[in-house]
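Good morning. Please have the display open.

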Amino acid sequence: MRRENDMKTGTLKQILLITDGCSNQGEDPALVASLVAEQGITVNVIGILEDDHTEQPEGLEEVEEIAGNGHGVSQIVYQDALAQTVQTVTKQAMTETLQGVVNNELTQILGSEKTMEELPPDQRGEVMEVVDELGETCDLEVLVLVDTSASMTNKLPTVQEALIDLSISMNARIGRSRFAVYQFPGRKKSIQQLVDWTSKLDSITSIFAKISSGGITPTGPALKEAMYQFGKKTLRRRFIRDDYTDIEEA
C-alpha cells in the first residue's frame, strides 16, 4: 500500500460556523454551503443552546442542512460543553475529509470502486493508521465564523475560550495549522475580520471584549464572503513570514 507521504492532500480547508439561530436575511445558507464545498472547503456548524437547558432547538433546524451540504460535521450543544465540541467537530471533519482522500487513492491503486469500508479488517486497520498519520501531518486552515447577533451576546465569552483551546489543540499537531476569525454581521459588510490568518489565537482575548453584538443573521452571505478569504495575499505573506521565523529560530 502507498504510504501517507506519497498522498497529495494539499491543505485541508474548513469553515467553522458558530451560531445559535436561523439565518434571517439573504441567500439560503444551505445552498451557499454547497457552493463552498465545491471549492474544496468543508463547512462545519455548531449550534449553541442556552445552559439553562430550557431552550428548544427550533431555531437550529438548519444547522444539519448547512453542514450536510457543506460536506461537514454538525453538532448542537449546550454552552457549557462548547470548548470540547469545537475541538471534536474540527478533528472529526478533518478525519472524514482524509478518509475521502484515502478512498480515492484506493480506487486508483486497486483499479475498482472499492472503499475503505469494503477492505478486510486488517487492511482497513492499516488504512486508518494512514488516515491518523495524515491528520497529524497535513496542513490545516480553519476560518471561524462567529454569529454575533443580539441573542449571542452572553455566549461570546464561551466562544472565545473555546477558540483558544482549539488553537492549543491544533498546534500540538505536527502539521501546520492556521486560523482566521470573522464575525457576522459586520458593520458595513456581511462579515468583519476579528483575527487575520495566524497560527495562534491567543490574540483574540482583547478583540472579543470589543465586539458589539446585535442585528440580523445573514448566514448565507456570510458563508460566501468567508469562502473568498482563503488563499488571499495576507495568508501567503504570513506563511512566508512564519517560515522565515522558523528558520531563524532553528
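Ile41 is in contact (heavy atoms within 4.5 Å) with Lys13, Gln14, Ile15, Val36, Gly70, Met227 and Phe230, leaving aside its neighbours within four places in sequence. This is a predicted model, in which local features need pLDDT of at least 70 and side-chain atom pairs count only at pLDDT 80 or more, while totals for chains, interfaces and linings use all residues. Residues are numbered from 1 along each chain as its sequence is written, and side-chain values use heavy atoms, with hydrogens and water left out.

Is Ile41 buried or exposed? Ile41 is buried, with a relative accessible area of 4%; buried means under 20%, exposed over 50%, and partly exposed in between, with a 1.4 Å probe and protein chains only. Ile41 sits in strand S2. Helices (H or I, at least four residues) and strands (E, at least two) are DSSP runs, numbered from the N terminus. Between the C-alpha atoms of Ile41 and Leu143 there are 10.0 Å, although 102 residues separate the two along the chain.

Now the sheet. It is open, with six strands in the order S3-S2-S1-S4-S5-S6 and mixed pairing; two strands pair if DSSP finds at least two bridges between them. S3 and strand S6 (192-198) each have a single partner strand, so one side of each has no neighbour in the sheet. S1 and S2 are parallel, paired over seven bridges, and Val43 in S2 is the bridge partner of Ile15.

Next, helix H2, residues 62-69. Its buried residues include Glu62, Val63, Ile66 and Ala67. Down the axis of H2, the buried residues fall within an arc of 135° (taken from the directions from the helix axis to the C-beta atoms), so they line one face of the helix. Among the elements covering them are strand S1 (11-19), helix H1 (29-38), strand S2 (41-49), strand S3 (74-78) and helix H7 (219-227). Just after H2, His71 has a positive phi of about 55°.

Last, the cores. A nonpolar core is a set of buried Ala, Val, Leu, Ile, Met, Phe, Trp, Tyr and Cys residues joined through side-chain atoms within 4.5 Å. The largest has 39 residues, and Leu16, Ile18, Val159, Leu163, Val181 and Phe208 have the most contacts inside it. Helix H3 (residues 82-110) gives the largest share of this core, seven residues. Apart from it lies another core of 25 residues, including Val45, Leu143, Ala180 and Tyr182.
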